[in-house]
Amino acid sequence: MSGAAGRLHAARGYAARGWHVFVLGRTKRPVANCPRCAAAGPDHDPHACPCLTCHGFYAATIDPDRIAAMLTAHPDGLLAIRTGAVSGLAVVDIDPRHGGRLDRTLMTPTAAVATPGGGWHLYYTHPGRPLPAKLPGRDGIDIKTDGGLVVAPPSTPAGAPRGYRWTVPARPVGEMAPRLLQACRTRPGPAVPASTVTPTPRPARRQGGGAISHPDALLAATLAAVDHAPKGRRRVTLYGAARGLARMVAADALTAPDAVAALTATGERNGQTPRDIRGAIKGGFEAEGMPTPV
């Protein structure tokens, strides 16, 4: 299976695993915003925008119909996955053209993609804590996490000698080893008050499979993203957090009342009005196809 049909088949498989998918142009650049979005002011919310492919990874979705519509609109586009807590993924990007090397003492075996540049994308489950954009002290090794993306198989960028491809034999997505997490350590941000972290620990499953290993840590990281957001971006980030918590509710990793309480406390702590908080929660849950809890 090749071409748009192959990308659609792959995209549906990724979405079934809870990985949020969208489409890039042929050269790994985002699809251009529509004229309305291009002219929109700072109050325009990319998370809530109904456009199919505007705003890059903000358009990422697990809705198979929207994914199909994206690939119909851009049949030559590259398939991409939004990384971070939203998809439960952190991807180590090793680029040998810039000095990147696989370090087996840090990077335990996991699902891996061979890239057109001769490097690797190592897929790990998101650890539920902020990660740096680059592996400290290592040239050519980036970490694709919250606010990031990776081009996904079977895409082939324009002019590339070959495409992105999963290694054979395939491996499951594993957790980052403690020593890799230690190597990723950065200056910690403000702690999330314990009162906002209220999940009931229990085994949890994502929609379409794949365990949420540490729901408490994932919850803390999702809420911390709101605390760390620039002042003018906190309303948008709270909406994104609501979507993340809605997925945790869907996976039975968190109850809806606990999600509402955590989001409300986080919004209040960051100066959001009750109306904005309710709107973020309502919009986030609706965007994930979940019943509105407020």
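Two strands are taken to pair if DSSP finds at least two bridges between them. On this basis, an open sheet of three strands has the order E1-E2-E7, with antiparallel pairing. Its edge strands are E1 and E7 (149-151), each of which pairs on one side only. Neighbouring strands of the sheet are turned by 35° against each other on average, direction ignored. Axes here are lines fitted to C-alpha atoms, for helices over the stretch in contact, and angles run from 0 to 180 degrees between N-to-C directions. Helices (H or I, at least four residues) and strands (E, at least two) are DSSP runs, numbered from the N terminus.

The model is predicted: local features need pLDDT of at least 70, side-chain atom pairs count only at pLDDT 80 or more, and totals for chains, interfaces and linings use all residues. Residues are numbered from 1 along each chain as its sequence is written, and side-chain values use heavy atoms, with hydrogens and water left out.

The secondary structure of the protein comes to eight helices and nine strands. Buried residues make up 49% of the 294 residues. Buried means under 20% relative accessible area, exposed over 50%, and partly exposed in between (1.4 Å probe, protein chains only). The accessible surface comes to about 13900 Å². Carbon and sulfur atoms hold 55% of that surface. Accessible areas come from the Shrake-Rupley method with a 1.4 Å probe; for residues, only the protein chains shown count as cover. Among contacts with a separation of 6 or more, 71% join residues 24 or more positions apart. Contact means heavy atoms within 4.5 Å.

E1 and E2 are joined in the antiparallel sense over four bridges. In this pairing, Phe22 has Ala80 as its bridge partner, and Val21 has Ile81. E2 and E7 are antiparallel over three bridges. Here Ile81 is partnered by Val150 of E7, and Arg82 by Leu149.

In a regular strand the side chains alternate between the two faces of the sheet. In E1, Val21 and Val23 point one way and Phe22 and Leu24 the other, and all are buried. E2 is mostly covered, with five of its five residues buried. Leu78, Ala80 and Arg82 lie on one side of E2, and Leu79 and Ile81 on the other.

Helix H1 (residues 3-16) lies across E1 and E2 and runs at about 10° to E2. Its 14 residues reach 20 Å from first C-alpha to last, close to the 20 Å expected at 1.5 Å a residue. The expected span of a helix is 1.5 Å times one less than its number of residues. Gly6, Arg7, Leu8, Ala10, Ala11, Tyr14 and Ala15 are buried in H1. Just after H1, Gly18 takes a positive phi of about 85°.

Helix H5 (residues 215-228) also has 14 residues and reaches 20 Å, close to the expected 20 Å. Its buried residues include Pro215, Leu218, Leu219 and Ala221. Also buried in H5 are Thr222, Leu223, Ala224, Val226 and Asp227. H6 and H7 are among the elements that cover the buried residues of H5.

Helix H6 (residues 234-250) is largely enclosed by the rest of the structure, because 14 of its 17 residues are buried. The end C-alpha atoms of H6 are 24 Å apart, which agrees with the span of 24 Å at 1.5 Å a residue. H6 is followed by Asp252, whose phi is positive, near 65°. Within H6 lies Arg243. This arginine is buried, with a relative accessible area of 11%. Arg243 touches His20, His47, Ala60, Gly284, Ala287 and Glu288, not counting residues up to four places away in sequence.

Gln272 sits in the loop between helix H7 (256-269) and helix H8 (274-287). Gln272 is buried at a relative accessible area of 15%. Its side chain reaches the backbone oxygen of Asn270 at 3.3 Å. Leaving aside neighbours within four places in sequence, Gln272 is in contact with Arg234, Arg235, Leu238, Gly267 and Ile277.

Conventions: Polar contact = N/O pair within 3.5 Å; in protein donor to acceptor, adjacent residues only side chain to side chain.
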